[in-house]
Amino acid sequence: MDLIKPESTYIYELSEVDRSIEDLRSQLPYASDLLYSVKANPHPDVVKHAAMQGVGLEVSSEGELEVAAAARTAANASTEIVCTGPGKTHAYLKLAAEKQAIISIESDTELTDLKRLGISGQSLLVRINASVSPQRSGLQMTGTASPFGIDENNATPVVRRLIDEGHNFRGVHLYMGSNILEENDLIRQFEISTRIAIKYATYGSGDFIADLGGGFGHPFAVPGAAPRWPGMRKRLEKITEPLLARNTRITFESGRYLVGGCGTLRARVLDVKSSKGERFVVLSSGVNHLGGLSGLKRLPRARFSAGSETHCDQSERLVGPLCTPVDVLNKQSSTEFSIGDDVEVPNVGAYGLTASLLGFLSHPCPPEEIRLNGDIIRTTQIQLSNKEMQTP
Ligand SMILES: *Cc1c(COP(=O)(O)O)cnc(C)c1O
């Protein structure tokens, strides 16, 4: 069969995932656990690979839970799965119980729903929105009005209620923000989450989990190595000492730090044209494949590198192939691209393909190529098609 080489491909190198897991673990307390946040990259091979390295899985939807449970089976491991996310549906809660996952309760309503569904004796964490706001950098998810978790002031009645209703109170979950780059900012939030975890550790029935959060930053769609926080391990070991003394399992969560560096998007230059004195480079990938979130100013602009980098005097705009003016990946490039060039965007292993506007304009999804130490082990493609539903 004559295969046409796709214009755009996502490439994930699994050995990079190993390296990043190792790297983050070496900066966290010696006696602590790590969860991989599947939303960063839900590709089944990536998730399975993470599970094989002994990290647990943090999921926030039914779909992610299915992938995580399959990864646990494939990895033949006793991987811990934690289900988070506001507005959990009945289907999600049921599946979580069925898969023997731990559910992080984000609201009183979820306890009512568990009761309605006849689910009892379930392992639960309570997600708490701390009263104080810890950090200055990154995306903030706590210490302010938030759909995530239960306000610190209202958390104790929820803990009491779930114990009364016969569930297994396994611990607390605190997640305060994302993409934090400064060690001091990370430490400040872990001081707050530790303080709250200590408060609740006495309610637990042994094997208490203090999920202290994460937010470890990583470059996105620009070149660069993962940041390192040389003092973090020692400082965290000191801060969390009172928790260890209570026989608590300390857990951290990370998506982007673990998989951001494993992914590269290779795209093709489809056209180069001029308009009113400006050069436009039209690529095979736009916000449908990459960083749809950047259009919402949640992510920085992508930077591309070409095989041959010649400097260009005139500034270029890198745009995608979508018929909408929002499809701009970079407003100013100083590299001269030619039609047919393959260009690469590094550091898109997290929040790449599935965080983009995949369905918009109905272009095919780019294939995802899984590599291990340079060898291609599998290529997959997400299918988006319109299927008729069974009328109930
Ligand atoms: C998104 C999210 C994460 C992962 O965030 P990263 O910035 O990718 O590390 C972890 N925990 C929760 C609860 C999240 O919502």
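Reader: In which loop does Asn179 lie?

Author: This is a predicted model, in which local features need pLDDT of at least 70, side-chain atom pairs count only at pLDDT 80 or more, and totals for chains, interfaces and linings use all residues. Residues are numbered from 1 along each chain as its sequence is written, and side-chain values use heavy atoms, with hydrogens and water left out. With helices (H or I, at least four residues) and strands (E, at least two) taken as DSSP runs numbered from the N terminus, Asn179 lies in the loop between β10 (177–178) and α7 (183–201).

Reader: Is Asn179 buried, partly exposed or exposed?

Author: Buried means under 20% relative accessible area and exposed over 50%, with partly exposed in between (1.4 Å probe, protein chains only). The relative accessibility of Asn179 is 24%, so Asn179 counts as partly exposed.

Reader: What is the phi of Asn76, a residue other than glycine?

Author: Most residues other than glycine have a negative phi. Asn76, placed in the loop between α3 (62–75) and β4 (81–83), has a positive value instead, near 55 degrees.

Reader: How far is an oxygen atom of the ligand from an N or O atom in the side chain of Tyr351?

Author: Tyr351 is among the residues that come nearest to the ligand, where near means that a heavy atom lies within 4 Å. A polar contact is a pair of N or O atoms within 3.5 Å, and for the side chain of Tyr351 and an oxygen atom of the ligand the distance is 2.5 Å.

Terms used:
Polar contact = N/O pair within 3.5 Å; in protein donor to acceptor, adjacent residues only side chain to side chain.
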